[in-house]
Amino acid sequence: MTAYIAISFGQRHKLDHQLTIVVEVLRKFNFQPHVFVDRYQFDPTQEKQMMQQVMTNISNCDMLLAETTHKGIGIGIEAGYAKAQNKPVVYLRQHNAEHSTTLSGISDYQIIYESTEALAKQLSLVLGKIIDSQNDDFTQKPS
C-alpha cells in the first residue's frame, strides 16, 4: 500500500524530523511512503507536467496525508483530488499552526500534534483505523 504525503515544497526542510517520524510509522504499517516534493523537481514552466504527475501518483496511492503545519495551495489541491477519488485523507498539523478549515472539512481523520511522540501515537491509531476500514470494505464486497 502507498501513502502519498502532501507537504509544502518551500517549507519542507522545516519538517524534516516530523516527516521522518511519519515515514517510520507508515513503514511499520506496511505503507510505502511517497513524498512528492522529495521525488520530483519541475521547472516553473512545467506546471502541466507536474500536475499530471501529481494526479497519476495520487491515483496510484491508497491514502493521502496532508501535512499542513505550513499551508500551501498545492496541498489542498492534492487532498481534494484524493478525496474525489474516495481515498482516505488525513489532515496533520502542529498544534500551534494555523487551522485549515477547508482541509479539515474534507479530511477523514485529523491529527493535531504537540510533539513527535504524539504524532507517532496518533498516526498509528489512524492507520489502524484505515486498515480496519479497508479490510471491512474488502470483506463486504460481493465475490
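Visitor: Which residues line the largest cavity?

Guide: Ile5, Ile7, Leu15, Gln18, Leu19, Val22, Leu65, Glu67 and Leu92 line the largest cavity, where lining means having an atom within 4 Å of a cavity point. This is a predicted model, in which local features need pLDDT of at least 70, side-chain atom pairs count only at pLDDT 80 or more, and totals for chains, interfaces and linings use all residues. Residues are numbered from 1 along each chain as its sequence is written, and side-chain values use heavy atoms, with hydrogens and water left out.

Visitor: What makes a set of points a cavity?

Guide: On a 1 Å grid over the protein atoms alone, a cavity is a set of points where a 1.4 Å probe fits but cannot get out. The search of the whole structure finds one cavity of 30 Å³ or more, and the volume of the largest cavity is about 40 Å³, a volume being the space filled by probe spheres set on the points.

Visitor: Which elements give two or more residues to that lining?

Guide: They are β1 (2-7), α1 (16-28) and β3 (63-67), named from DSSP runs, helices being H or I of at least four residues and strands E of at least two. The most comes from α1, with three residues.

Visitor: Why is α3 called oblique to α4?

Guide: Helix α3 (residues 47-59) and helix α4 (residues 73-84) pack at an angle of about 45°, with their axes 10 Å apart. That makes α3 oblique to α4, because angles under 35 degrees count as roughly parallel, over 145 as roughly antiparallel, 65 to 115 as roughly perpendicular and the rest as oblique.

Visitor: Which residues meet where α3 packs on α4?

Guide: Met51, Val54, Met55, Ile58 and Ser59 in α3 meet Ile77, Glu78, Tyr81 and Ala82 in α4, contact meaning heavy atoms within 4.5 Å.

Terms used: 1 Å grid on protein atoms, 1.4 Å probe; cavity = no way out; pocket = protein on both sides within 12 Å on 5 of 7 lines; lining within 4 Å. Axes fitted to C-alpha atoms, helices over the stretch in contact; angles between N-to-C directions.
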